[in-house]
Amino acid sequence: MKTNKLLQLAIVAVILVAAAVWVQYNRERHRRPAGEVGTPVVAELQKTEVLNAVACIEFVRADSTVCVTRVDGRWIAPDRYNYPVKSDEVRKFLLTLADLKVGQVVPGGETELKRLELLEPVLDTNGRPREGSGTLVRLADSNRTELAHLLIGKTRRRGGETGFADGRFVLARGRPALVGETFSSLPSRSVDWMETQLVDLFSSDIEQLTFTPVGKPPLVLTNHTGELRLVDLSTNEAMDSLKVSRLTGIVSWLRFVDIADPSWSPAQTGMDQPDVLTVRAKNGREFTVKIGKPTGTNAQQRFVAVAARYWPKPLPQAPGEKASEEEKKKHEEEVKKVKEENEKLEKEIQALNERVAQWVFIVEGSRFENLPSERKELLQAPATKSETSSTNAPPADAAAPAVTNAPASSGAPPASPSAEGNAPTNLPPAAATNAPSSSAPVPGPSQG
């Protein structure tokens, strides 16, 4: 009996020792030197010539791939008809990879890599991304020769899954690590790296607005003490601020969500017969927005084209011959300031036109709903006779006061309302426009 117990204890001891050896073996197999902390993650990018040679970046996920390439010094998106992406965004990402350092060593193994989402991005048997798939980043030169690659995995968060992000798990050269970069701007579509803003104006910035519905006369509104009014507004008419805001809302934070296929004809996008909105801002900028058809794939989106131009600010008038040196110096400073402002504005408009003039964009369509097609749709509805009577009539049980010694007529007679279409008396002279008389408008590139 004692012999059997001793034998059993011996077997258990052997099993425990074997298990301990196996655990230690695995730890040793995945253990990495502590000196690796602080070393570059993508060592290839430590060479300036390699970093400068990068001409293609791919972000490969299990179910999609985003690619940007450099052509003739510009970064573009091949899958969006070679529309330009923000070079600053690309440069920032490459420098981030070059500066990426190991913050903490991480044990490997299939189970651990799966938990950290550091497995190669592939689809499972059901056609869905395999659990644990990461994002593979490939860097290549202009000949598509790979220069480096990196697998980006799960975000590390302080305080659990709902905590703030303070790092990301990555895998390079087969070695997992935790880095301090979160890669929050990693693109899921090439549009994520594009400058999507087209126009952004506050209604208070608008000096004049002209909306021309297709096949209808233009509706022209000008700014009167902060309020946009029809130029032919009669004294007995009032603007409907909500309806006006639908027009000004078009150019408030106007951004695109995608690019239209350049091979589509104007008839397909509606650019052959668009509604046209032109707004002139107080600082001399003018934007024209052409509103086309709803997109075929999404009725809530519309085709839109944009162009811009500007009016240079006139130079200050030169002082007279008898002006003092101080006055002349002040004039020179003012002239210099205006020229700098005009040059800045010219570059801004030129850059915008170079980016947008030859393209048709896809924009969320909710801002284009219920646009006016006629003048009356911008006005408040006139009060009905019953409303007027109920407003002005005294209470039924109120006795009318006796009037004694009253003159036959008191007060001035009410002014006759002007006929619809007459110009208001408080309009500025016709010659007073935003365009200075000494300078003709400077157009940007024409809209195709």
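**Entry 1**

I looked up the bridge partner of Phe211 in S12 and found Leu219. Strands and helices here are DSSP runs (E, at least two residues, for strands; H or I, at least four, for helices), numbered from the N terminus. I treat two strands as paired if DSSP finds at least two bridges between them. S11 (residues 206-212) and S12 (residues 219-224) pair in the antiparallel sense over four bridges. Six residues lie between the strands of this hairpin, and Gly215 takes a positive phi near 80° there.

I then turned to the pairing of S11 with strand S16 (residues 275-281), which is antiparallel and runs over six bridges. Ile206 has Ala281 as its bridge partner in S16.

I note that the model is predicted, that local features need pLDDT of at least 70 and side-chain atom pairs pLDDT 80 or more, while totals for chains, interfaces and linings use all residues. Residues are numbered from 1 along each chain as its sequence is written, and side-chain values use heavy atoms, with hydrogens and water left out.

**Entry 2: aromatic pairs**

How many aromatic pairs does the structure hold? I found nine. Rings of Phe, Tyr and Trp (its six-membered ring) pair if their centres lie within 6.5 Å; planes under 30 degrees apart count as stacked, over 60 as edge-to-face and the rest as tilted.

I examined Phe59 and Trp193: their ring centres are 5.4 Å apart and their planes stand at 90°, so the pair is edge-to-face. Phe59 belongs to strand S1 (residues 56-60) and Trp193 to the loop between strand S9 (175-179) and strand S10 (197-199), so the pair ties together parts 134 residues apart in sequence. I also checked whether these residues are buried (under 20% relative accessible area), exposed (over 50%) or partly exposed (in between), with a 1.4 Å probe and protein chains only. Phe59 is buried at a relative accessible area of 0%, and Trp193 is buried at 2%.

The second pair I examined, Trp264 and Phe303, is edge-to-face, with 5.8 Å centre to centre and 80° between the planes. Trp264 sits in the loop between strand S15 (258-259) and helix H6 (266-269) and Phe303 in strand S18 (residues 301-310), so this pair ties together parts 39 residues apart in sequence. Trp264 is partly exposed at 36% relative accessibility, whereas Phe303 is buried at 4%.

I recorded one cluster as well: ring pairs link Phe59, Phe93, Phe183 and Trp193.

**Entry 3: helix H3**

Phe93 is also among the buried residues of H3, together with Glu89, Val90, Leu94, Thr96, Leu97 and Ala98. I looked up the span of this helix (residues 87-99): its 13 residues reach 18 Å from first C-alpha to last, close to the 18 Å expected. The expected span is 1.5 Å times one less than the number of residues.

Against which elements do the buried residues of H3 pack? I found helix H2 (48-53), S1, strand S3 (74-77), strand S6 (135-140) and strand S7 (146-158). Contact here means heavy atoms within 4.5 Å.

**Entry 4: charged side chains**

A search of the whole structure gave me 17 salt bridges. The criterion is a side-chain nitrogen of Lys or Arg within 4 Å of a carboxyl oxygen of Asp or Glu.

I noted that Arg158 and Asp166 meet in one of them, at 2.6 Å from N to O. Arg158 is partly exposed, with a relative accessible area of 45%. Salt bridges also link Glu58, Arg138 and Glu146 in a network.

**Entry 5: the loop between S18 and H7**

I found a salt bridge between Lys313 and Glu341, with the closest N and O atoms 3.8 Å apart. Lys313 lies in the loop between S18 and helix H7 (325-356) and Glu341 in H7, so the pair ties together parts 28 residues apart in sequence. Lys313 is partly exposed at 46% relative accessibility, and Glu341 is partly exposed at 34%.

Is Ala318 buried or exposed? This residue of the loop between S18 and H7 is exposed, at 51% relative accessibility. The C-alpha atoms of Ala318 and Lys328 are 8.0 Å apart, the two residues being ten apart along the chain.
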